[in-house]
Amino acid sequence: MSPPAANHNPATPHARAVVQFAAMRASGTLPILTAEEVVSRLGALRARQPVTFRAFYSSQLGGIVTDPALMVLPFDDHMVHRGHGIFDTAGLVDGKIYDLEAHLDRFLLSAERSKLRLPASRAEMRDVIIKTTGVSGRRDGSIRYWLSSGPGSLDLTPATGAEPGFFVMIFDGLSYPARWYTDGLKVMTTTYPIKAPLYAVTKATNYLPNVLMQMEAKEAGVDNGVFIDAEGNVGESSNMNVAFVTGGGALVHPKFDHILAGCTSLRLLELARGLVDRGVLAGIEVRDIPVAEARASREMLLVGSSVKVAPIVRWDSQAIGDGRPGPVANALLGLLEEDMRSGDRLIPVPY
Ligand SMILES: Cc1ncc(COP(=O)(O)O)c(C=O)c1O
């Protein structure tokens, strides 16, 4: 395969890497690399595949790096080759971290369920998250952090004496098309089975069903998928929760015993009380939602830290409500954005 025309200039790191790879294949040899060559090749990899990673803390390195080429883990870390790791993501809005305590609560719960040892106290990990965010210089974006059972073997159980790893990445965040908010999204019922409850409520790095669901949706020309549980009740989407507004005007959300307890959903269920007081909503319920009832709802919402609140207007072949974004989606998005900018769950970042 020849390299793409745009990268023929050997002055670019990408072109150099392509030339090196082509030369290596032509000569039939595999080079044994020096540490300097590895760093240079990691840089070439990043040039070829640009990322918006601004700062990365690694307990294994004992510090922060800002060069994305150096944001790496040892291959034998059990999070890499066995998926024995957990993660969480908090939002960074206008220089403040939103709802970090709720995300840390869930992080620690996931650690416990995954039998992962903590490398430091909650307060120390919180401090590292805030300091790494400060080093990134970013005022808006996402903060994702992981806990791994550590390196040391290719076995299943943690290697003897392995130190658990803690990693923090500050990046620009995931972005979604503007039309999701103006026109609404289309979703499909996934053909992939929902995770068993223990795995669904644990935010582990095992996201294969979620990845496959999203790929399936994209291949089908829609925006995302929805898991349905064995009893025929609505579960969640790939990395977001779903909620509904019933014909009677109540906000209903699936129970959190078999899906991830979304920090955004939990916060919205509190903020939505204001909409009940204003008569916009008739009530708020967290319960099982049979698919037939969900399909007959007035509004369907996608909820999560990155998407915030977006209206779903079509599910499989059926329109939701009148097939247009509804007022509750819009009102909840407004409440959430206000909370993210000026609520009482914000931590100022010391830049
Ligand atoms: C499977 C799954 N469900 C729901 C959510 C929404 O959670 P949150 O609101 O905390 O982003 C996420 C994202 O973390 C997720 O990965």
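N224 is buried in this predicted model, with a relative accessible area of 0%, where buried means under 20% relative accessible area (1.4 Å probe, protein chains only). The residue belongs to strand β8 (residues 224–226), strands being DSSP runs of E with at least two residues, numbered from the N terminus, and helices runs of H or I with at least four. Its side chain makes a polar contact of 2.9 Å with the side chain of S238 and another, of 3.3 Å, with that of S237. A polar contact is a pair of N or O atoms within 3.5 Å; within protein, one must be able to donate a hydrogen and the other to accept it, and residues adjacent in sequence count only if both atoms are side-chain atoms.

Turning to the ligand, 16 residues surround it, and the closest are K203, Y207, E236, T264 and S305. Taken alone the ligand exposes 390 Å², of which the protein buries 95% (Shrake-Rupley method, 1.4 Å probe). Helices α4 (100–113) and α9 (263–271) are the elements that give two or more residues to the shell around the ligand.

Residues are numbered from 1 along each chain as its sequence is written. Local features need pLDDT of at least 70 and side-chain atom pairs count only at pLDDT 80 or more, whereas totals for chains, interfaces and linings use all residues, and side-chain values use heavy atoms, with hydrogens and water left out.

Definitions and conventions:
Near = heavy atom within 4 Å. Buried < 20%, exposed > 50% of the residue type's maximum accessible area, 1.4 Å probe, protein only.
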